[in-house]
Amino acid sequence: MDNWLLEMSNHALIHPVLDAVMVGFSTAGLLALPLIGLLLILRGHARLGRALLWALVGSLLFTFLFYFLAMRPRPEDIRLILAGRRCPRFPAVTPPWPLPQPPCCC
């Protein structure tokens with residue numbers, strides 16, 4: 001079921017505008033959420049700002065935990081919008097710093 005849904009959305013919902021919108025929202029969100037947290041702290045809403053920043057840290061740790069626990073190879077015929085590593089793993093998140101990589105399945 002999960003492969004069918006992934007393949008259907010990856011092959012049926014193809015459009016250059018949708019690709020650009022996805023990349024734009026992803027990049028803007030990664031930059032905007034920490035800045036919003038810091039602005040909330042500086043503007044007197046320290047509790048809400050700290051909660052937002054801790055939620056971001058927690059989601060990052062949760063993502064990397066399952067990144068290494070899943071050890072599931074990426075399906076072969078999936079179209080990437082942004083270039084990944086030579087042999088990427090699930091999830092398709094490439095961290096900005098080097099992490100120890102499991103053996104490549106390629």
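Colleague: As I understand the terms, a residue is buried under 20% relative accessible area, exposed over 50%, and partly exposed in between. Which class does Phe66 belong to?

Modeller: This is a predicted model, and in it Phe66 has a relative accessible area of 42%. That value lies between the cut-offs of 20% and 50%, so Phe66 is partly exposed.

Colleague: And where is Phe66 placed?

Modeller: Phe66 is part of helix H3.

Colleague: How many residues does H3 have, and how far does it reach?

Modeller: Helix H3 has 25 residues. From its first C-alpha to its last it reaches 36 Å, close to the 36 Å expected at 1.5 Å a residue.

Colleague: Which residues of H3 are buried?

Modeller: They are Gly49, Phe64 and Tyr67. The cover over these buried residues of H3 includes helix H2.

Colleague: What happens just after H3?

Modeller: Met71 follows, with a positive phi of about 45°.

Colleague: Let us change topic to the whole protein. How many helices and strands are there?

Modeller: There are 3 helices and 0 strands, and the pattern along the sequence is α-α-α.

Colleague: What share of the residues is buried?

Modeller: Of the 106 residues in the protein, 14% are buried. The accessible surface comes to about 8200 Å², and carbon and sulfur atoms hold 73% of it.

Colleague: What share of the contacts joins residues 24 or more positions apart?

Modeller: Among contacts with a separation of 6 or more, such pairs account for 43%.

Colleague: Why does Asp19 count as buried?

Modeller: Its relative accessibility is 16%.

Colleague: Finally, what is the confidence of the model?

Modeller: The protein averages a pLDDT of 78, and 75% of the residues score at least 70.

Colleague: Which elements have the lowest and highest mean values?

Modeller: Helix H1 (residues 2–12) has the lowest mean pLDDT among the elements, at 78. Helix H3 (residues 46–70) has the highest, at 91.

Definitions and conventions. Residues numbered from 1 in each chain as written. Predicted model: local features only at pLDDT ≥ 70, side-chain atom pairs only at ≥ 80, totals over all residues. Heavy atoms only, no water. pLDDT = per-residue confidence, 0-100. Helix = DSSP H or I, 4+ residues; strand = E, 2+ residues; numbered from the N terminus. Buried < 20%, exposed > 50% of the residue type's maximum accessible area, 1.4 Å probe, protein only. Contact = heavy atoms within 4.5 Å. Areas by Shrake-Rupley, 256 points an atom, 1.4 Å probe, with all protein chains shown as cover. Expected span 1.5 Å × (residues − 1).
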